[in-house]
Amino acid sequence: MSLGEGQNNLPNPFWRMLARRDVLAGLLFIGVATLGLWLSRDYPIGTALRMGTGYVPRLLCWILLGLGAVVVVQGLREAQDVRPLSSADFSALRPLVFVTASLVIFGLSIERLGLVISILLLIGVGAVAARALRPLETLAAALVLIVLSWGIFILGLGLTIPVWPEW
Amino acid sequence: MELLHNLAVGFGVALTPANLFFALTGALIGTLIGVLPGIGPIATIAMLLPLTFHLEPTSGLIMLAGIFYGAQYGGSTTAILVNLPGETSSVVTCIDGHQMARQGRAGAALAVAALGSFFAGCISTTLIATFAPPLAKVGQSFGAPEYFSLMVLGLIAAVVLAHGSVIKAIAMIVLGLLFGLVGTDGNTGGTRFTFGITELTDGIDIATLAIGIFGIGEIITNLTQPQETRGLVAKKITRLWPTGEDFRRAWPAVLRGTALGSVLGVLPGGGATLSAFAAYALEKRSSKHPEQFGHGAVEGVAGPESANNAGAQTSFIPMLTLGIPGNAVMALMIGAFTIHGIQPGPQIMSERPGMFWGMVASMWIGNLMLVIINLPLIGMWVQLLKVPYRFLYLAILLFCGIGVYTVSNSAAGGAFRRARLRFHAARMRAGADDPRLRAGSADGGESSPRDANFERRPGDLRRAADQPRLVDRSACALRAGGAPGHSQQAGRGVPGIAALLHHAHCRPRCTDALHTDCRALHVLKHATDENEHRAWQ
C-alpha cells in the first residue's frame, strides 16, 4: 500500500518506474503471496499423498509469487508505450480508503451500538469519499436511510438487529 | 409430449397470483437496477438474498431470476437514450443505439432492443426446457472425476475468456483459490488464514465476496471518476415502431445474436456480457455495410441485445442441471437455493419438478411482462437517472452492509445455518440416491481418488446403507460435548471467476470421495450452531 502513495509528481525515476499499472499489479500479487507464505509458515505441509493443512496454500502462494514476478517484469519491459500512472490515479485512493473504512466501522458497530448509530457512522464516513456532498445533504440522506432501513429490515422483515445501543 | 406435460406443470406453478407477483417484482427491480449505473444484478441479488428467507423457495428464485434478465432490458434503455450503459452487458449497445437516438430513431432502437431481447428470451427458455432434462440425466451419473474435469474446464475457460493479460487472469484465479482456502481445511480439520477470528473458520461467504467485489468495487470505481454529465436525449420519442427497413435488417441479426448468446451463455465464465461483445463483433464482421457501424446501424443494437438476453438465460442451464455456476450471478443463485436447503444439481428436476419447471415458465412470463411494461415506462426509468449518484451510492453502501450482515450473522444467519444443516442431513439420508455421496461412503475416509468410481462397482448399495450411521455418530459426538468440527460450503461458491475457483477447490473436496468424516463433522458443526441458536433464543 505504501508504494507510490502520495508521490504526486513522481520526481524520482525509481518511483516513476514503479508507478506503472502492471508493475503495481505484479507487486500486489507478490505481496499477497508473501503474506500467504508467511501466514502459512507453521502449517504442516505433509506429502502429496496425504496433504497437510499447508500444502495447497503454500503451493498456490509460490505459483502466485512466480506469476506476480512475471507481471512485474512484463510491466517494466512494456512500460514505454503504456501510459504511466498520473497523480489523478492516486486521488482514487480517497474513495477506496473511506468507503472501506465506513463498512468496517459499520460492521464493528452494528451489534454494539445498534442500527441508528451505525448508519450515522457509515453515512458520515462514507460521505467523505465523494467530495460533492454537503453536510446538510448528508444528514438528510442519513435520516431518510435510517427510517427506510428501519421500516424494511426491522418492521418489514423482522430481522433481529439491535436498533439502539445495548449496554 | 413429456415436455408439454412438464411445461403444463411449470405454468401451473408460475401462474399462481403470488408467483406472478414475484416475477413482476423481480422484473421491475431488475429493470430499475439495470437502468441505474453503479448497481448491477450481482449486488442486488446479494442484497436481496436475506429477503428470500421469508418467501417460498420457488417464489424467491423466480424473483431473483427476474432481476437478472430484467437487468438486461433495463441496461439497454439507458445505453440508447443517454449513452450510459446501465450494465456492462449493454456497453456495446451504446455504440449504435445512442447514435440511432441522436438521429431521432430512439423509439425504433428501444423497440428493436426489447423485441430482440424478447425473442432471444423465448428461444433460450425453450432451449433450457429442451436440453436441461437430458443434461441432468447425464449429470446424475457424474462422480468426482467428472466434476473435477468440469472444474478444470471452468478454470481454463475463465482464463481463455478473460479480457486482457492471460498471466494476470491466471494470477487472479490463483488469488481466488487462495481466498477459497480461508477457513477450516476439510482434509485435516486445521484452520487456515483465519487470524484467530472465529467467524473466518467457516470461510468467506459468497454473498460477502460478491458484494465486496461487485457492489463496493463498483461504488469505488464510480466515485473515482469525475461527476458524470448525463446528457439526456431532449427530443421526445415520437415513433416507437421500427420501420420495415429496420425490421428487415434487424431480424437476421437477432437470430445470429440469439444463437451466439445461447452457446456462450452455457460456457463457464460466459454469460450476458461476453455474449453481447461477441455478437457485436460478429455483426460487424458479417455485415455488408461495416462502415455504418458506430453511426446507428440497427444490427448493432439487435445482435448484442438479443445475445445478452439469450446468454443471461442459458447460463441457468449448467447451474440447474449440474449445480455449477457459470458466472457470479449463478453462484449467488446457488446461494439462494442453499438458503432453502436445496442442493442445485441433477436431482433438482426429479425431486422438485414444480420448482424447476415453474422457474422456466416464469422466465417466459417475465420476458413477456418486460416487453409489455417496459416500453410505456421508458420515460419513468429515464427520470430515475436524475437522482444524483452521491445519494445513490450512500444507499447502496448501506444496503450492502445490512445485506451482508443479515446473511452471515444475525437471526437470518442462524436460519441460514439451520437451512444448511437440513440440507446436509437431507443429503446424508439421500446418500443412496446420490452417486457422489455413495462414492464417499465407500471408503470410510481413507480414500484415493480412484474410489470415486466406486459407485459403479457392485456392492456399493450395502455400503451406502452405512450412511445413516454417520448422522448417528455425529449426534453422539454432539451429546458428548461436541468439539468444534468444521464446515464446508458445499454447493456455495465465490463469485465470478472466483466462483469457479472456489468450487474447483471446495466442491470436489467435500462432495467426492475424500472425506466421509468431513461430512459427519459438518453435520456436527451445523447441529452445534443450531443448538447455540436455540440457547440464544
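Predicted model: local features only at pLDDT ≥ 70, side-chain atom pairs only at ≥ 80, totals over all residues.
Residues are numbered from 1 along each chain as its sequence is written; chains are lettered from A and ligands numbered from 1 in the order in which they are written.

**View 1. Chain A is built from six helices and zero strands.** Helices (H or I, at least four residues) and strands (E, at least two) are DSSP runs, numbered from the N terminus. The order from the N terminus is α-α-α-α-α-α. Of the 167 residues in chain A, 30% are buried (20 or more other C-beta atoms within 10 Å of the residue's own, with C-beta atoms placed from the backbone).

**View 2. Chain B meets chain A.** Here 37 residues of chain B are in contact with 44 residues of chain A (C-beta atoms, placed from the backbone, within 7 Å). On the chain B side, α8 (166-181), α9 (206-224), α17 (389-408) and α18 (411-429) each supply at least two residues. α17(B) gives the most, with 11 residues. This side of chain B holds 24 nonpolar, nine polar and four charged residues. Ala, Val, Leu, Ile, Met, Phe, Trp, Tyr, Cys and Pro count as nonpolar, Asp, Glu, Lys and Arg as charged, and the others, Gly among them, as polar.

**View 3. Helix α4 (residues 57-82) of chain B crosses α6(B) at roughly 160°.** Their axes come within 10 Å. Axes are lines fitted to C-alpha atoms, for helices over the stretch in contact, and angles run from 0 to 180 degrees between N-to-C directions. α4(B) is therefore roughly antiparallel to α6(B) (angles over 145 degrees). Residues of α4(B) in the contact include B:Y69, B:Y73 and B:L81. Among their partners in α6(B) are B:A106, B:L110 and B:G121. The contact has nine nonpolar, five polar and no charged residues.

**View 4. Helix α6 (residues 106-140) of chain B packs on helix α10 (residues 244-266) of chain B.** The angle is about 40°, and the axes are 9 Å apart. α6(B) contributes residues including B:A108, B:F119 and B:L127. From α10(B) come, among them, B:D246, B:V254 and B:S262. This contact divides into eight nonpolar, six polar and one charged. The crossing of α6(B) past α10(B) is right-handed (the near helix is turned clockwise from the far one by less than a right angle).

Methods
Contact = placed C-beta atoms within 7 Å. Parallel < 35°, antiparallel > 145°, perpendicular 65-115°, else oblique. Buried ≥ 20, exposed ≤ 12 C-beta atoms within 10 Å, placed from the backbone.
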